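Visitor: I have the sequence and the structure open now. Could you walk me through how the calls were made?

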Amino acid sequence: MSPKIPPSMAGQEPVEPGRPPMLDAWLRLRRNRLAVFGGLTLLIVVAICVVGPWLSPYAYEEQNLAATYGKPDWRHWLGTDQLGRDLLIRVLLGGRISLAVGLSATVVALTIGIVYGAVAGFAGGLLDAAMMRMVDILYALPFTLFVILLMVFFGRNIILLFVAIGAVEWLTMARIVRGQVMSVKRLEYVEAARVLGYGRRRILFRHILPNILGPIIVYATLTVPSVMLIEAFLSFLGLGVQPPMSSWGILIKEGAASMEEYPWLLIFPGTLFTLTLFSLNFLGDGLRDALDVRSSKD
Amino acid sequence: MVLIADGTALGKMPQAMLRFIRLRLLQSILALFVIITATFFLLRFVPGGPFTAEKAVPPEILRNLEAHYGLNQPLHRQYFSYLGSLVRGDLGPSFKYSNRTVNEILAEKLPVSLELGLWSLMVALSLGLTLGIVAALRRNTWADYLASAIGMIGLSAPSFVIGPLCVLAFAIHAGWFNASGWYFPSDRVLPSLVLGLAYAAPISRLARSGMLEVLNQDYIRTARAKGASELRIVMRHTLRGGLLPVVSYLGPAIAGILTGSFVIETIFQIPGLGREFVTSAFDRDYTLVLGTVILYATLLMGLNLAADVAQVWMNPKLRLE
């Protein structure tokens, strides 16, 4: 395994001495217009989803059967749904839920994946082979089926949703982290740490992991949209978040059911959801370039 | 991925290949066994049974029903008798559709899903490969940007948003297709396009980066220097190496298309396996759920294996590892 060139030397222009690599990556990221656009859009979406519901005069479950399927007007900016609920508050609150699921399930996947991959890569040998063979086998399982079964059988509660999604997504993370750990652990500074008599745990968590943060950050950014997709997929099938609670998946499902006459019920949540996924993917791509991570999965 | 560990000489290739296949086959059978066992016990330990959903069945009748399906026997007995009939290819009777076996139901639903999957795969491959190859050959031109834009759309716009929007635009407003159903050849178009588009995106990205990597190699420069035409360079020298990443992605892609059809079948009301699976899970139709899981798992693992074999076959470097 050839030693990795530190990110600060990979850029084209001469590097100012003493500029920390993370700052360097930040400067590169700022020059990537799509990534900046993605990041800003994401910030705005998150901000309005978090703050918006507090400012709204309506409650998300507040029905008004006299005003069902209302077109967008000055009282209901995005119109009302089949039960006369204000669509704006439902979209914003749904955004909160979808983003929260995306973040928390990513954290679950990240934690399992990092620890598993780091241990396998650092230990090497037989333990590594056994651990990675298990990942291979798990990879081949039809996980979507299991998630669906879990959600059908054990009431559709949101905690289980995090766990189920996180349990699917940690595999790729484990593979990436293992590969990175294996390439870093042969470097001289790790050798030096070993000579200094540091324990294995300290070397792994204090010296190796911080140096492979780049790929971890990049992959985490790209995991969030795929987790949000799974949540929406499950909610669309009626297995995720349950009404009257709201999530983007539910809103899209409800919107699709009545899109013929009332297309805005599908278009508003669909657009916002797609826009968010776009932003996350642009940001992730930009980070990948900025941190100079090669996209290898095995 | 671990392949054959010993440095087999070039001449013994087929044998090394056979060993690789045998190893993976063994692994798959083991995984399949784990899946069957896990699903079987998961189904038995969840609250509610196949007959609790209906209107209150008198306890005597419930007992009769359970005796009829062998549900009153000890769990391990049920498990082994299930495994026994499974070996003979018998997936048992359905709990929900009286007088129908799981085999019959699967035989009826599978072809529909397979057809949908096949069309979608063709859409994904033809669109993805064309975009990716053109993008790599015309790097940083409008064609490249168009390809990456389509790639981003496929990556970020989920099929359950694009699907209904397509129905709205092409079926309801334009009137070119039926909004749902699976009767006429034209009914295949929208579902396959929507499902295929999602996988065209990653395929085009992989094809683009793979092609670019190969196009930068010295031997391509040599071929150019020798005056080979652009077409010949692409066809003879670049495609095989450049498309390797796509081949290794085919396994996951096919898996995704198979499970992606859950949503597509729901949107377009296609009587396929995906919709049946979700319904059977809601109905607690144990045998049908289990049969569907086994069928999906077998399909997935078989296709993954095929993709891996194709990858090893196309890449001499891997054969030697």
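Guide: Chain B comes to 13 helices and 0 strands, where helices (H or I, at least four residues) and strands (E, at least two) are DSSP runs, numbered from the N terminus. From its N terminus on, chain B runs α-α-α-α-α-α-α-α-α-α-α-α-α. Chain A has 12 helices and 0 strands. This is a predicted model, in which local features need pLDDT of at least 70 and side-chain atom pairs count only at pLDDT 80 or more, while totals for chains, interfaces and linings use all residues. Residues are numbered from 1 along each chain as its sequence is written, with chains lettered from A and ligands numbered from 1 in the order in which they are written.

Visitor: What are the dimensions of the box that the C-alpha atoms of chain B fill?

Guide: Roughly 85 × 60 × 30 Å, taken along the principal axes.

Visitor: How do you know that the span of helix α3 of chain A agrees with its number of residues?

Guide: The expected span is 1.5 Å times one less than the number of residues. Helix α3 of chain A (residues 33-55) has 23 residues, so it should span 33 Å, and its end C-alpha atoms are 32 Å apart, which agrees.

Visitor: And what makes C49(A) the place of a kink in α3(A)?

Guide: The bend at a residue is the angle between axes fitted to the seven residues ending there and the seven starting there. At C49(A) there is a kink of about 30°, shortly before the proline P53(A).

Visitor: Which residues of α3(A) are called buried, and why?

Guide: A residue is buried if 20 or more other C-beta atoms lie within 10 Å of its own, exposed if 12 or fewer, and partly exposed in between, with C-beta atoms placed from the backbone. In α3(A), A35(A), G38(A), G39(A), L42(A) and C49(A) are buried, so each of them meets that cut-off. Their cover includes α2 (21-31), α4 (87-123) and α12 (264-290) of chain A.

Visitor: What makes two residues a contact?

Guide: Their C-beta atoms, placed from the backbone, lie within 7 Å. Take contacts between residues at least 6 apart in sequence: in chain A, 68% join residues at least 24 apart, and in chain B the figure is 74%.

Visitor: How many residues does each chain bring to the contact between them?

Guide: Chain A brings 29 and chain B 34. On the side of chain A that touches chain B, the elements giving two or more residues are α5 (125-140), α6 (143-153), α10 (213-236), α11 (248-257) and α12 of chain A. α12(A) gives the most, with 7 residues.

Visitor: What is the make-up of that side of chain A?

Guide: It divides into 23 nonpolar, 4 polar and 2 charged residues. Here Ala, Val, Leu, Ile, Met, Phe, Trp, Tyr, Cys and Pro count as nonpolar, Asp, Glu, Lys and Arg as charged, and the others, Gly among them, as polar.
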